[in-house]
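Hi,

Here is the structure I promised to pass on. My notes follow below it.

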Amino acid sequence: MTDIVGELNDAWMVMGDVNAVLNQCDKLGGRPVTDLEGRGLRNFIFDCGVVDLEGIGALFTCSNGQDWNNLIREKLDRVFCSTNWISQFTKAGTRNLPIRHSDHSAIVLDTFMDVADFKAPFRYLDAWNMDEGCKGVIQQAWAQVFNGYHSFILCSKLRVTASALTKWNKEHFGFCKKKLAMLEALLTEALCKPKGCGGIGIRSFLDINTCLIAKLGWHLATGKNSLWVHLLLDKYCPDSNFWTNDLPKYASPVAKGIWKSRRFIANNSAWVVGNNSQVLIWYCNWTCVDGTVLGPQDLNPGLVNKMKVANLLSVDGCSWDADLVLRTFRSEAAKLNLSTRIQETPLEDHLIWMSSPKGSFTLKATYMDLHKRTFTKDETCSLLWNSRIHERLKLFLWKIAKNCLPFGSRLGEIFGNVAGNCFLCDLDAGGTASHFLGHCPITVTLWRSSKWGINIENYPLSSGAEVVNWILNPPGEVCNNPHFAKTEFALYAAVLYHSLWFFRNFHFHNQGRWRIEDMQKKISKDFDSHWKTINTMAETEQGNHGDSLSNWINPRPGRMKIYVDFANKDGVGSIGVVVRDPSGSIRALYSEKCTFHSVLHGEMQAALVGVQVGHRLGVPDPVIFTGCQILSHVISSAVPPQWNLWYCFTNLMSTLLSFPSSIHWIPRSLNKSAHLLARWCVDKDCNGFLNFWEVSPHVLTKLFSLVE
């Protein structure tokens, strides 16, 4: 049987008399079971990875039918199956019937075996006494009239009352599964979201598992140099690749899970195409221009084939085949494609994850992409978690904003209870969030006694989210001072409401009350403690503040200086270049319009234009000054800051190698001339070197008056 099963690739199951036992537990009576007797069956199970399908019913399936002194019982009849079979029939099980007219018992294989229904006897629950409706149900059921013996009347009334209570319990307290599912959905929505989207950053295990499987698919797609990657690709993709090959039926569950992630990976990744690119344009997203990603949606739907990017090139491989590109792509995508120079592409294709700034695969970026349709930005929560108050107070304010505190009104929305009284002022039906936060006399008194003297009841705050937003963004009459005044107000409000919640719970659990004077002292003490901590942290941060990026270093004297800057207005970008001699006099002005998808992209293009201008003027070893500190940092590190700036960054670095230049960062206050020229040229049709008489007189006057 081991040889036969070993040759099977599909799911299989076998049942019947195997005429062997595993160990002594499978036999009762007769000679003891030896190790040799069960070795064959054990080897079969271990070598083939067999699943011994258990079930219910008789423990022993074979009997010799003798009297008790000579009786021998054994478990000889079994059901074996493969792991693929049990994964397809997850509820399968066996029923061993009693031994009747044979020495063996019959085995029934059930592929959907559930436990038999069990009707529990009626039990009266003490919790029902707490509900006022229980007494009315009992009185109404007990009032029914029955005729007969006293015992019959008593049993009939008990039966009717039990039936009425069961029905009432189901209608009043029932639908637990539905309520639990609703609570689970609310919990997932409140917790399993990033902090900036309204949650507290706890990630779902199921979603993390999906992301981890996608990571395995990412390694297969990128062809990672790993043993398991080579094994899977050689086994399932011998003549194709991960994107186009379909799995055979005998594929393992792990491989099937990885292959299911292909569409998710394809939708959220893109290929940065290189020379002679082998990227299949109908299966993947790809890019050959900074800031633009092309995909199957940009292709002509009438031309579905396995065309590669390399097939779009001309015969010499140095330019695009314009006619083929126009036939293959939609008009806008074709224009973008034809505007790319093949010489600027990298040597090899490499896959990037689009939502990751560096293009690398990360679980955080993948998790966000998995929920990008449901995760939306929550400005209030973002402001809350980025504030300087204590984490415990942040969490409490988050609970207020998300209506997670167990007020009577909130519990009533879930379980149907009434709101109840306020535990601070004993107001009827005052167990609501709006009453606690803005209308309770205790809350009103504490706000009036604060340094701001606020009449909280005058503000139209009806929900916890509105209260938290009001705390973090106070109106002008409350805080018209700088940032620290807002931080002070937010901290005081958080301490006040956190203390109020403590006073409420103290009354609920200990049946005691705090005096207003004691409440004010506790709030003031807690606030002073937190405020002192914030001030200490601010002083420490200010003392340790340093410039982590590049600093301005005076270049070697006697060299021409080229100042560059980028400006934009209403989506139009402009580059300004001012060339000065060693004495500081202006020697040339240059301006150029540019397309951009980020400010850093525009600054990078400005530096590139500055190097090219220096080369066109024949300036030996010019010094390029830019006001973008990040650009100076990424140039010194020789690493592109973002994947969608790869082409521009590569072009800039190659230009610096071809035309030796040095790029330095200077403060923006020392780069006013280039910024002024770029701002002026945004609204003008300027492309190229500018004569002085072409520049507006007031702009030219400012340019010559600036000393840099």
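**Helix packing, a strand and a lysine**

The crossing of α22 and α24 is left-handed, meaning that the near helix is turned anticlockwise from the far one by less than a right angle. This is a predicted model, where local features need pLDDT of at least 70, side-chain atom pairs count only at pLDDT 80 or more, and totals for chains, interfaces and linings use all residues. Numbering runs from 1 along each chain as its sequence is written, and side-chain values use heavy atoms, without hydrogens or water.

Back to the helices: α22 (residues 599-616) and α24 (residues 646-658) have axes 10 Å apart and an angle of about 25 degrees between them, so they count as roughly parallel (under 35 degrees). H601, M604, Q605, A607, L608 and V611 of α22 meet C648, F649, N651, L652, T655 and L656 of α24 (contact is heavy atoms within 4.5 Å).

Next, strand β10 (residues 269-272): S269 and W271 point one way, A270 and V272 the other, and all are buried (under 20% relative accessible area, 1.4 Å probe, protein chains only). β10 pairs with β13 (residues 350-353) in the antiparallel sense over 4 bridges (pairing takes at least two DSSP bridges), and A270 has I352 as its bridge partner there. With β11 (residues 286-289) the pairing of β10 is parallel, over 2 bridges, and W271 stands opposite W286.

And the lysine? K394 sits in helix α15 (residues 391-401) and counts as buried because its relative accessibility is 4%. Leaving aside neighbours within four places in sequence, K394 touches L384, W385, S387 and I389.

Cheers

Note on methods: Buried means under 20% relative accessible area, exposed over 50%, partly exposed in between (1.4 Å probe, protein chains only). Axes are lines fitted to C-alpha atoms, for helices over the stretch in contact, and angles run from 0 to 180 degrees between N-to-C directions. Angles under 35 degrees count as roughly parallel, over 145 as roughly antiparallel, 65 to 115 as roughly perpendicular and the rest as oblique.
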